[in-house]
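Visitor: I have just opened this one and would like a walk through it. Could you start with where the chains meet?

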Amino acid sequence: MSAPLDAAVAKRLQSELMSLMMANLKGISAFPQSDNMLNWVGTLDGAPGTVYEGLTYKLALSFPSNYPFTAPTITFVTPCWHPNVDDRGNICLDILKEQWSAVYNVQTILLSLQTLLGDANPQSPLNGAAAQLWDNQAEYKRVLLKHYKEHAQQ
Amino acid sequence: MYACSPFNTLSEDDIQRIVQQIKARPNPAGAPWAGLSVEKAIDSLATEYRGELQQLCTAKRIGDSAASDVFHGFLQFLQSLNGVFCSYSEGASRICGAEQRIIGDMAWNALIYQVLDTRVLAWMEEWLYVSLSCVLHCVVRQPSTIAHLNSAVDSGIVARLQQVHRDTGAVVVGFGNSAIAQSLVSENDTESDDTLDDSDPAQSERRKLFARIASDPRQIGMFVNDFASGCRLLVTLRIVAYASRTLSNAVDRLVDANVQKQANRWDTPCLDLLLTRVRLVATTLDALLCGPATAQPFFLGHAEARLYAKFSELRVSELFGIIIDYPDSRQAIADLRACVVKLRTMRQMAHSLRNAIQQRLLHPGATTSDILTQYISAIRCLRLLDPSSTVLEIVARPIRSYLRSREDTVSCIVQDMVSEESELFEDLASGHGVIMDNGAEGVVYDEDYADKSWEPLPIEAKNVYLTAQRRDADVLSLLVSIYETKDVFVQEFERHLAQRLLACTDYSAEREIRQVEMMKLRFGDRTLEKCEVMLKDVADSKRTDQHVSETSQEKHWDMPLHALIVSRQFWSSMPKEQFAVPHEMADMRNKYAGTYESLKPARKLEWRDALGSVTLRIELADRTVSVSAKPAQAAVLFAFQETPVTTLAELAQKMECSEEFVLSRVRFWQTRGVVRETDANAFEVVEAEGSSGNDVASRASRPAAGLGNAVASGAGSDQGEDYDDDDEGDASGGAAGASNARTEALRVHFNFVEGILRNFGPLPLDRILSMLGMFMPGENTTAEELRSFLALMAREDKLEMAGGLYKLK
């Protein structure tokens with residue numbers, strides 16, 4: 001069971017939700033699951049002009065009870081073939097790990113992730129095959145679409 | 001000796017000649033042994049013979065023949081060679097002591113090892129494959145083959161087979177040869193039974209040979225002996241151990257060929273037949289190649305495993321088709337179940353079927369009713385295949401979510417449900433209990449502890465969302481549970497019922513009454529109250545109509561009009577049409593309405609022309625046409641009756657409606673050849689077919705209402721509430737009137753609704769409402785407000801609604 005929700009955390013998440021909803025940005029979205037303010041479902045569209053254009057990914061966002069002092073845990077629910085995402089959906093992104101700061105919020109995280117999709121960092125890969133192919137974007141796109149078709153469209 | 005064998009290419013003479021050739025070499029049993037070390041001597045001997053054998057292999061005679069024939073000759077040659085070799089070896093051991101005997105054996109082994117190159121192994125595989133095919137061919141056609149086999153095999157094949165059958169728990173009816181032979185023959189596969197395909201000319205040649213052998217018991221006996229002696233040679237020459245891989249390859253090929261023949265034969269049980277055949281072949285081989293009955297059977301286990309794997313592979317790949325063919329394919333399902341239970345591949349099967357369904361069924365080319373039919377068959381098939389419903393759960397999930405995204409799913413299900421010949425109708429009539437909304441889905445009810453047949457969920461059920469109700473539910477309730485609420489079905493049924501009742505012109509609704517009763521059994525009495533009112537309206541209308549026609553007779557009115565009087569509140573939306581009714585029709589209506597109002601004071605009839613129908617007899621100069629038309633179409637024709645040549649603008653003016661409205665009605669008569677267009681938007685009545693121009697048009701036409709049978713609808717205006725609850729536009733209009741500011745505030749909500757729908761997919765109203773309530777501070781929108789707001793958004797093309805679920809455009 002999750003610990004009782006701290007009022008301050010709830011308030012912070014509530015206001016983040018409100019600003020996210022009002023910003024209404026294209027291609028990123030997230031909403032709490034009906035039973036728990038600490039668990040959100042996110043939706044991410046690949047940015048136009050990148051190989052991920054037209055692909056949609058679902059995310060699971062899990063906020064710690066001392067949010068925002070600790071980073072939320074974010075994983076891809078839709079299988080994502082990407083140099084910095086492993087086969088269980090774990091993401092390698094500095095601002096979610098050592099570079100986390102309390103000034104980040106859901107909106108900035110989602111925007112960072114959207115950027116990460118189109119601008120990978122093959123130097124610290126979680127998915128070696130994807131990292132190797134990264135420089136050959138045409139071939140990368142072919143493999144990516146095949147992977148997306150096989151795993152994500154279910 | 002091998003006169004009747006298929007393997008008679010190498011004659012006795014040939015072999016003798018080659019053996020003589022070898023024997024004519026200087027005899028090494030003499031002096032040479034003394035100088036050389038024995039290993040070296042035998043080694044050089046082996047090398048020499050290898051050259052001889054190589055020569056033999058490349059000899060033209062052998063090179064030309066089929067591989068299996070070559071191998072048989074080759075075996076005989078090896079046998080002779082072995083004799084020569086033994087004499088050498090014996091000579092050596094006489095000179096150098098008993099241990100040289102062992103070295104001699106080793107040298108023979110080395111020789112065999114060298115000789116068995118890929119080409120010889122390929123011959124061997126072919127030989128065994130063809131021989132086994134022939135054995136099977138003969139056994140299936142000639143029960144006496146078993147007796148031949150039995151006598152050819154030392155330890156007795158029948159006894160071995162019986163042991164195998166006892167071990168595997170199969171029931172053997174009798175223990176004689178004929179009982180075993182019978183178990184190998186299936187009634188309806190004698191005509192096409194052959195392990196070889198016809199495409200290859202060499203194969204069809206071989207088939208003829210098989211047929212010749214099988215036709216004569218004497219030849220079978222010779223062939224079986226021949227085969228058995230070949231196998232024994234393999235043992236004597238110590239080839240078996242080196243070539244076990246090749247031998248089992250041949251068995252695999254035989255199994256594969258036999259399995260492949262059962263492709264698409266879903267109406268007969270295949271597995272048992274295949275098993276008995278494969279067991280016969282494998283046991284024969286075990287007996288011939290692996291020694292006494294006590295020895296560990298090698299080929300039996302191997303062949304059975306291969307059979308199960310291949311057969312289940314075949315049937316799993318065919319499963320999509322098997323489901324389509326259900327219930328004709330019951331036997332195939334039983335076979336597949338046996339395989340899958342044995343191999344524990346339930347989950348793989350489920351995923352392969354799911355992929356097949358996604359590729360072949362869930363695409364825009366398939367109609368919703370096809371998908372539903374396939375889903376229903378899949379439910380029935382997979383229940384047989386896997387009583388725990390785990391496979392069904394895995395397979396059904398994409399189908400269910402796909403169906404949910406199709407707009408006509410509900411109407412397809414309802415159509416199917418009420419058509420009396422469908423399977424769903426049986427479910428509906430089964431009285432299986434009232435279907436509940438699955439609000440409580442996710443709660444797994446405790447199993448019934450008294451249930452003796454309870455079985456724990458299989459391991460495959462792990463991670464598969466499964467509830468007890470769904471596991472035991474019948475097909476209808478499974479279909480209903482595609483949606484979160486059964487209301488959508490009830491609403492669709494109401495629409496369907498309204499359509500049927502409005503289409504019926506003689507007030508007879510027995511069928512509909514039965515349907516409603518049936519629906520009540522499964523959906524509960526209270527949910528069908530609207531339908532009850534609709535049926536009652538029909539019955540009341542019948543009485544009223546009777547009263548009107550009696551009154552008309554008293555007053556000598558001509559009354560071809562019959563009305564269906566409905567309570568507007570309880571019927572689905574009724575389209576309105578606005579136009580001036582011709583005075584003949586208006587007169588009739590006024591009389592009808594007058595009589596009704598005298599019967600039911602303080603009520604008023606409001607006619608709905610879009611729903612009526614008029615039967616017209618049109619008398620023209622050269623012909624009479626009978627047409628059933630809509631009131632508006634009839635009205636247009638009445639207008640022509642007054643002015644046979646007219647323009648669109650005049651017609652529109654006369655009927656007090658728009659030109660577009662009139663035009664589509666005029667087109668109706670144009671297609672029936674009653675009216676034609678003389679100029680742009682100018683029309684005239686076609687009095688005589690084939691004539692053109694205005695010369696005939698001068699004669700006045702006389703279209704006449706023969707029997708005007710208008711079904712109109714009206715609402716009791718005394719009932720106060722005058723809004724149409726099926727049209728959300730009206731409701732939202734009311735809300736907007738009450739509070740414009742509120743709607744504007746709701747507009748802010750749309751971002752939230754968008755966020756919810758984007759992340760959670762299509763949802764029903766109450767889920768959206770509860771999520772808004774939970775995550776929007778100070779939120780107190782009511783369901784009605786939200787509904788009208790969402791309807792507004794739908795009109796602005798931001799949302800769409802299908803089957804009770806809202807989704808983003």
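**Where the chains meet**

Guide: The contact (heavy atoms within 4.5 Å) draws on 21 residues from chain A and 16 residues from chain B. This is a predicted model, in which local features need pLDDT of at least 70 and side-chain atom pairs count only at pLDDT 80 or more, while totals for chains, interfaces and linings use all residues. Residues are numbered from 1 along each chain as its sequence is written, chains are lettered from A in the order in which they are written, and side-chain values use heavy atoms, with hydrogens and water left out.

Visitor: What area is buried between chain A and chain B?

Guide: About 1,700 Å² is buried between chain A and chain B, with carbon and sulfur atoms giving 59% of that; buried area is the accessible area (1.4 Å probe) that two parts lose on being put together, summed over both.

Visitor: Which side chains meet in a salt bridge?

Guide: Those of A:D45 and B:R758 do, at 2.9 Å from N to O, where a salt bridge is a side-chain nitrogen of Lys or Arg within 4 Å of a carboxyl oxygen of Asp or Glu. The count between chain A and chain B is 1 salt bridge.
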